[in-house]
Amino acid sequence: MARGDGRLTHDIDPQDVGPQDACGVFGVWAPGEEVAKLSYFGLYALQHRGQESAGIAVSNGKQILVYKDMGLVSQVFDESTLESLKGSVAIGHSRYSTTGASVWQNAQPTFRPTAQGSVALAHNGNLTNTAELVTMLEERTAQQAPDRRGKGETATTDTSVMASLLASYRDRSVEEAAIEVLPKLRGAFSLVFMDETTLYAARDPQGIRPLVLGRLERGWVVASETAALDIVGASFIREIEPGEFIAIDENGLRTERFSPAAPKGCIFEYVYLARPDTTISDQRVFSVRAEIGRRLAREHPVDADLVIPVPESGTPAAIGFAEESGIPFGHGLVKNSYVGRTFIQPSQTIRQLGIRLKLNPLRDVIAGKRLVVVDDSIVRGNTQRALVRMLRESGAAEVHVRISSPPVKWPCFYGIDFASRAELIANGISVDEICRSIDADSLAYVELDQLVEATNVPKDKLCRACFDGIYPVPLPEDDLIGKHLLESDVTPLKVIQ
């Protein structure tokens, strides 16, 4: 809900919420380095993955200090705050809420005291068995301290449940507790967590969300994307394997497999989520997107004068489309870089301008031209409808829309906040009907098999659920899953520390 309080809201048009990014996680173990500042810059590189809240936890070897707030990384932290966060190990998080409301209590990292110290945890992804884990936690708590049942912190995220489970093993270290807890988790989870002396990381057996390992001259880094390694000067070592758990401390790095790997990496990372300068499965995302554009041009050619992207996510595919088709590439739309998330609820007059808050056409470039407009996806269709209308008002002779992903027909339960299935425009109507709905001269999407081939990853090692409805991790009943599961009456709201 848009608020005039200086905090961030999601979209210019609240009636057309696009695919909201997964979260960004970062962890560093580096004695002698300014780990809080490294975490800050790492999160800065991952800002695109979540813009609602940000936080950093730092340990000086004796205690963990957590600082977090609502807003962008640059809003939450300043020089004096970072200077106060001294230590040798740190984790950070930039959040988009996929489980639990966007409120301060749900900002991460999540902190819990343990019998031997404390634990802080940050999570990218979505669990599918959260209700089962809450029941398990309640049972453990009732056995250990019956008099505390029903007391504790209100928890409305799966991350909070995981942190509480790790802290519930009173006779074990965080590392030993993790080996017990990780095999019980289902769904998507790329985790960074820490105790007073050790950095930990783990990735679900399907490896749905990305997680990479990097090396500093005097330490180690774990991050959601390789772009975050680049910004802090860490060299890329490898991806953390699906089903792998690692620990890093003064004795070095050790690794253990808590579950057999069954890779199902998210294909939408290649389409939209990841930065174009990130590398996934040895493929530069920019190169994959350009190749998707080339395949779009071969599959769905059109006579036109100019190829323009919907910036910024449509740019690599538009470049590829132009290269393959021989149609000149140009910039027909200028994006206001500071309206990724608006601060103030626009007035009704401004709201009626809609997309112009974010994109403004270059009339002299567009007028009289037959345009190919390349975008990454269509969710509800409202944005594309407004875009086509704006281009026609600017004098475009024709508007041909090309989309660098297949029609999105199914919601994601693994860390991307799409619209519900009933709201997805591609659910139930044909491409021709969508084309008429957005008033384009033509509309075409890349075929799923062509998208898969562009990634160079075998189809059976990719999660394609938002396109084909095949979910690699089984889903529970409808009333036991969803963003606001822990804010309903389905499961207990109280999670014991």
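Two strands pair if DSSP finds at least two bridges between them. Helices (H or I, at least four residues) and strands (E, at least two) are DSSP runs, numbered from the N terminus. With those terms in hand, we can start with a hairpin: strand 8 and strand 9 form one, with four residues between them. This is a predicted model, in which local features need pLDDT of at least 70 and side-chain atom pairs count only at pLDDT 80 or more, while totals for chains, interfaces and linings use all residues. Residues are numbered from 1 along each chain as its sequence is written, and side-chain values use heavy atoms, with hydrogens and water left out.

Strand 8 (residues 190-194) pairs with strand 9 in the antiparallel sense over five bridges, and Val192 stands opposite Ala201 of strand 9. Strand 9 is also joined by four bridges to strand 13 (residues 244-249), again running antiparallel; here Leu199 stands opposite Ile248. How many of the residues of strand 9 (residues 199-203) are buried? Five of its five are, where buried means under 20% relative accessible area, exposed over 50%, and partly exposed in between (1.4 Å probe, protein chains only). Both faces are covered, with Leu199, Ala201 and Arg203 on one side and Tyr200 and Ala202 on the other.

## The whole chain

Stepping back, the protein has 16 helices and 25 strands. Of its 497 residues, 57% count as buried. Take contacts (heavy atoms within 4.5 Å) between residues at least 6 apart in sequence: 72% of them join residues at least 24 apart.

The accessible surface comes to about 19500 Å², and 49% of that belongs to carbon and sulfur atoms. Such areas come from the Shrake-Rupley method with a 1.4 Å probe; for residues, only the protein chains shown count as cover.

## The largest nonpolar core

In soluble globular proteins, nonpolar side chains tend to be buried together. A nonpolar core is a set of buried Ala, Val, Leu, Ile, Met, Phe, Trp, Tyr and Cys residues joined through side-chain atoms within 4.5 Å. The largest one here has 45 residues, and those with the most contacts inside it include Phe268, Val307, Tyr414 and Phe467. Among the elements that give two or more residues to this core are helix 8 (268-273), helix 10 (315-325), strand 21 (370-375) and helix 16 (465-468). Helix 9 gives the most, with five residues.

## Salt bridges

Side chains of opposite charge can pair when their charged atoms come close. A salt bridge is a side-chain nitrogen of Lys or Arg within 4 Å of a carboxyl oxygen of Asp or Glu, and the structure holds 27 of them. In one of these, Arg49 pairs with Glu225, the closest N and O atoms being 2.7 Å apart. The two partners are 176 residues apart, Arg49 in the loop between helix 1 (35-45) and strand 2 (53-59) and Glu225 in the loop between strand 11 (219-223) and helix 7. Arg49 is buried, at 0% relative accessible area, and Glu225 is buried as well, at 1%.

Lys86 and Glu83 form a salt bridge at 3.2 Å, N to O; Lys86 is exposed, at 51%, and Glu83 is partly exposed, at 33%. Arg464 and Asp468 form another, with closest N and O atoms 2.9 Å apart. Arg464 counts as buried at 11%, whereas Asp468 counts as partly exposed at 23%. There is also a network of salt bridges linking Glu291, Arg294, Arg295, Arg298, Glu323, Glu324 and Glu453.

## A nonpolar surface patch

Which residues make the nonpolar surface patch of about 300 Å²? They are Phe41, Tyr44 and Ile231. Patches are made of residues with over 30% relative accessible area and no salt bridge, with like charges joined within 9 Å and nonpolar side chains (Val, Leu, Ile, Met, Phe, Trp, Tyr) within 5 Å. Ile231 lies in helix 7 (residues 226-231) and counts as partly exposed, at 41% relative accessibility.
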